[in-house]
Amino acid sequence: MAELQKKLQTEVEKFQAVQKDYQKHVNLRQQLDAQLNENSLVKEELDRVEDGANVFKMIGPVLVKQDVTEAKQNVQKRIDYINGEIKRHEGAIKDLEKKQESQREALSKLQQQLQQQQVKAAARS
Amino acid sequence: MASKQAGQVDIGQLPIPQLNQLVQQLEQEIELFTSSLNQLKLAQQKFLESQECLNKVSPENNSKDILVPLTSSMYVPGQLSDVSTVLVDVGTGYYVEMEVSKGKEYFKRKIDFVTKQMEKVQPVLAEKYKMKQVTVEILQLKIQNQMQAQQSAGPAKA
């Protein structure tokens, strides 16, 4: 019976590790979502700017003049990159969800086994 | 007993610990939505302020004396020189130079955007709050019933 308890313990630890991983990916995805929104807003603004106007990028404490088309391209590239990252995290999240489910089932089965053993041991004594 | 359908689970049928969990979960969601609403309100105020300031940057105030902040606690006297264009922070480190009128339009757009988001959050918040109220009522009723049942079972057992 002690061996079954040890097995339960390891399974519980594995489950908690999967949960932590899952939470990490969910949080990252939320962050990326916010970044995506901000970049979309910036892209909209840049689209409104006429081609001759001045656009500056803040690099550290310095405002550096940038070309409007270049700025638009940069923002677009960033948006595409963020979208790729979001897709990647969403895939990981789905996988981890499935893993969590199967871990949960394995845990409950082990718990049932342990309970049965405990009942048998109590009946014997 | 009044019971409200929540998805496919009838809240009236849930046992007390589950009801407790549900109340806590709803409280968390309410806190989240309230804080989001507050943040939106703050953003709206900031944009409103910026828009107001632009009203001061006008040709009639050209060359007027102003105090320019160099640090958070130090200002230097100066003169308003350029009243035609302003640099607007549009996010992610980008600044766009635009005319004062365009700047005012920009802030108006931002204010409308934030107001729309606030209007989206408000009804959801109200709904969650109502659900919490109903769940708390049912929980209290169940606890009362349980206590009464225990009391009436007590003397019978003894």
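Reader: How do you know which residues and chains are meant, and which parts of the predicted model count?

Author: Residues are numbered from 1 along each chain as its sequence is written, and chains are lettered from A in the order in which they are written. Because this is a predicted model, local features need pLDDT of at least 70 and side-chain atom pairs count only at pLDDT 80 or more, while totals for chains, interfaces and linings use all residues; side-chain values use heavy atoms, with hydrogens and water left out.

Reader: What makes up chain B, in terms of helices and strands?

Author: Chain B has 2 helices and 6 strands, where helices (H or I, at least four residues) and strands (E, at least two) are DSSP runs numbered from the N terminus. Read from the N terminus, the order is β-β-α-β-β-β-β-α.

Reader: Why is chain B called more spread out than a compact globule?

Author: The radius of gyration is taken over C-alpha atoms, and the globule rule is 2.2 Å times the number of residues to the power 0.38. For the 158 residues of chain B that rule gives 15 Å, whereas the radius of gyration is 28 Å, well over that value, so chain B is more spread out than a compact globule. Along the principal axes, its C-alpha trace spans about 95 × 35 × 25 Å.

Reader: What makes chain A spread out as well?

Author: Chain A, with 2 helices and 2 strands in the order α-β-β-α, has a radius of gyration of 26 Å, well over the 14 Å that the globule rule gives for 125 residues, so chain A too is more spread out than a compact globule. The box that its C-alpha atoms fill is roughly 90 × 25 × 15 Å along the principal axes.

Reader: Which class does B:Ser63 fall into, and why?

Author: B:Ser63 has 45% relative accessibility, so this residue counts as partly exposed. Its place is the loop between helix H1 (16-56) and strand E3 (65-71) of chain B.

Reader: How do you know how much area is buried between chain B and chain A?

Author: Buried area is the accessible area (1.4 Å probe) that two parts lose on being put together, summed over both. Between chain B and chain A this comes to about 1500 Å², of which carbon and sulfur atoms give 57%. On the chain B side, B:Thr92, B:Tyr94 and B:Tyr95 lose the most area to chain A, together 43% of what that side buries.

Reader: Which numbers of residues take part in that contact?

Author: With contact meaning heavy atoms within 4.5 Å, 15 residues from chain B and 21 residues from chain A take part.

Definitions and conventions. Buried means under 20% relative accessible area, exposed over 50%, partly exposed in between (1.4 Å probe, protein chains only).
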